[in-house]
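Me: I would like to learn how to read the features of a model like this one. Please take me through them in turn.

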Amino acid sequence: MAKSDLAGRRGAARPRIAAVIATYNVASYLPEFLASLANQAGGIQRVQLVFVNDGSTDDSERVIRAWVEKHSATATVISQSNGGVAAARNAGLDAVDADWVTFCDPDDVLSDDYFSQVTKFLDIYQDESVSVVCTHLMPFDERTGERTDTHPLRHKFQKGSRVINLHVEPTVHVSAGNTFLRTSVIDELGLRFDAQIRPNFEDGHFIARYLLGSDTHRLGVVASAKYYYRTRGNGSSATQTSFLMPEKYTTLVRHGFLALLREASERGTIPRWLENTVLYDLFWYFKNELAIRSLTAAAPPEVFDEFHELMREILELIGDDAIRTFDVMGVEFAVKETFLKGYKPEPLRPDYVRLNVVDESRQEVHLTYWFSGAEPTEHVIVDDVEVAPLYSTVQEYQFYGRTLLKRRHIWIPRGLRSIIHLDGLQVSVVRGDQWGHAESLTYKQLNPTIIGQRRRHKAELDPSQSLLRYVRSKAGQTLLAWRRNLDKQKLKSELTAVQVHSPTVRRRFHDAWVFMDRNTDANDNAEHLYRYAREHHPEINAWFVLERRSEDWDRLKAEGFRLVSYGSAEWRLLILHAAHLASSHADAYVVSPLDGRQYGQPRFKYSFLQHGITQYDLSRWLNIKPISLLVTGTRAEQQSIAQSSPWAFSDREAVLTGFPRHDALLRKRASTPESERDTIVIMPTWRQNIVGAALRGSNERLRNERFMESEYAQTYLQLLHDERLAAVARETGRRIIFMPHPNMLPYLADFAVPAHVDVLSYREADVQQVLASASTVLTDYSSIAFEAAVVDVPLVYLQFDADEFFNGMHIGRRGYFEYERHGFGPVTHDVGQAVDAIADIASGGYRVAPTYAERAREAFPVRDGRNCERVIGAMKALDGGPRIEELDHAVRHAAHV
């Protein structure tokens, strides 16, 4: 180890505070952090800085030394071989000579008055019983620079700077970066960071051992000192990538969470703050499994059994009341129920059913209940008659390879009196899920009671209030009401309310059926379904929504579409009158188009037409959407959603109709002569991790200036420049077309392609005509493969990044569809293999190989051009009409005939 004191302290007073800064390959972040040190009010010289270069291979140490020399800081720089953050901090602790120590991370930023605010707090609270002080942790997004007070543990700062009694308010504190600890206590306990606690929680483990060892229960909170921690846009932080590491599920859990609980148990009763600390981290493991995007999708399966056994041991030590009453952050009911019941030796048997929805159009009632293990026996009695559920499914909650909890969904007829028996016992019917009762009286019970009591009294008639106080209060209320009445949003909503009731508007938009694809683009299932509805169902008051600036607007206007501009005042009136909304997309700007605080919940029934056939698990994204009808295109897809699975939908919602756009695609392919089927089309999908952030309320995204450096861009550039591919196209008289996903539109101009390649966008080209004219299609994971299969176009998959694509940071996880087993063409893994596959197809006359042709026939046994008719029928069934005959029923009917 080499140690250098760059600014000696001979003759200087002993610093009150020391900051240990473990550094590893953060040269690009250091300037911002060091600038925040240099900007400290009163100077940084009164803080001992201990930098530990933990074997960085970049310029981190050079940057630090140059900064220390420039600012004459009281600093020590230690260089050592890489040993991890725990070893680095321990080396720094050995060099500390101050009363208090903190452990800043060098990729974060401190507010300008950070250390002065902490010093002021220490001056005020000199009581020795306060030996832990924390500052206000706030995230900032490195992509936008935005700083927000959104950390899950922010609530302890809402009352300002204070001292918390952890016995009374058992809050959670797990970050050493914004924590100040007494060095005398650390030395007395002989504490050091435990190197085997990794890839994270080393902070929480150290702080918990400090609190347990010192028997400290008073936590100082400095709300005015802001610690801004960086959330990295490239997903490279230890917290973001830790879920990929085996030790996250084994060593950390065993020697971190379990060891702390056992140590506390041996001392006596496990304190609630420690139960909350362990639960806080463990809940994130399970919340991430339910998240739309999470790296837990790529967690190492070989450690799952050990992880679940450790969870069982931990939950034997944590009381049920701690789980039930945990309110440090929001936790899904399914996660808490899993902790309470999922690891018990006996299965969970339901003692109530929950009433969720009453469908007044169809006179049907939606009920759910939780269970584990075998499905309970079920007897439903409606108005003294036993009935079978009209529709049902079992939603499985799988965490790290194991189904720990299930939720049964049933729809029954509406009656005057319904009774439910499960496993032979009559169960209660409730309107909300229940955890049981708390063992202690807390603010959660007190505050609603107090508020209810106060509401029963007229505040303005409170005799204890002085005249001056009453006048001030009344004036403040009057001013606030006046400001609210002048609020632009309120004025707009009130004007909208007047227009909604206008006879002209009511006649125009009465029971409107609203169709839309993206707000920026059409030419998808909604466009095709609208066209069919206008031609064949004049009784439907159909409208199509699109942004006025869309390149599709003039085309559709010329065709006679009744268009309404997305986001306009007219659009708001249309949405408020709508009986149905049908869209190929399910983004928030589609399904929740109006602000619920101003306009309430929408009245329309939402039909999800889908942008592409679902081939992987999108349940985490779609389960929370208000979907009344989910259009599906193949029986395998429909069954993967409606049968026991992670999905919350039954065959009531998931209906096999076929895609509306396939009707037109089949017609266009049939009308395209063989001589005009002369293109090799390259149509990859997008990647979440390389596009910019989505703009709120729109389908558009910010631009990523480093897009062309990505493996995705480089791979397709290599393919487009491949000389063998060019030769195959030239020798067989084919053109090459590159047409990536619409989300890649901002980068199309960046692709420098050879002259023989045409680059097309979904906005300027008719994608259906492109497919109808194709000799072969190359894609990756895109559902465009199903489009090719439905019209018998030869297909090649290029999947060079499968592990990354399915690591959980895109939208879906791996599902029922296996490309090698179910795909409609060969699966290749690099450009060379892909070109070989295209050459093989060309040598066979651009015909689909028998194996893949059979798979296409199994997926699409009926191609009768009546998908639009079935979808309209399914939408009418939402209003009480008859259930439609589904797509593959026609096969059995034809066979019978």
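Me: What should I know before reading any values?

Reply: This is a predicted model, so local features need pLDDT of at least 70, side-chain atom pairs count only at pLDDT 80 or more, and totals for chains, interfaces and linings use all residues. Residues are numbered from 1 along each chain as its sequence is written, and side-chain values use heavy atoms, with hydrogens and water left out.

Me: What is the order of the open sheet of 6 strands?

Reply: The order is 29-28-27-30-31-32, and the pairing is parallel. Strand 29 (757-759) and strand 32 are the edge strands, each pairing on one side only. Strand 31 (residues 795-798) meets strand 32 over 2 parallel bridges. Tyr797 stands opposite Val827 in strand 32.

Me: Is strand 23 buried or exposed?

Reply: Buried means under 20% relative accessible area, exposed over 50%, partly exposed in between (1.4 Å probe, protein chains only). In strand 23 (residues 578-583), 6 of the 6 residues are buried, so the strand is largely enclosed by the rest of the structure. Strand 20 (residues 512-516) runs parallel to strand 23, joined by 5 bridges. Strand 24 (residues 605-608) also pairs with strand 23 in the parallel sense, over 4 bridges. Ser583 in strand 23 stands opposite Met516. In strand 24, Ser583 has Phe608 as its bridge partner.

Me: How many aromatic pairs does the structure hold?

Reply: Rings of Phe, Tyr and Trp (its six-membered ring) pair if their centres lie within 6.5 Å; planes under 30 degrees apart count as stacked, over 60 as edge-to-face and the rest as tilted. The structure holds 57 such pairs. One of them, Tyr285 with Phe307, is stacked: 5.5 Å centre to centre, 15° between the planes. This pair links distant parts of the chain, 22 residues apart: Tyr285 is in helix 9 (residues 272-290), Phe307 in helix 10 (residues 304-317). Both Tyr285 and Phe307 are buried. Phe786 and Phe824 have ring centres 5.2 Å apart and planes at 80°, so this pair is edge-to-face. Phe786 lies in helix 28 (residues 784-790), and Phe824 in the loop between helix 30 (819-822) and strand 32 (827-828), 38 residues apart. Both Phe786 and Phe824 are buried.

Me: Which ring does Arg89 lie over?

Reply: A charge sits over a ring if NZ of Lys or CZ of Arg is within 6 Å of the ring centre and within 35 degrees of the ring normal. Arg89 lies over the face of Phe193, 5.2 Å from the ring centre. Arg147 lies over the face of Phe140, at 5.7 Å.

Me: Where does Leu441 lie?

Reply: Leu441 is in the loop between strand 19 (428-430) and helix 13 (443-455). Leu441 counts as exposed because its relative accessibility is 65%.

How values were computed: Two strands pair if DSSP finds at least two bridges between them.
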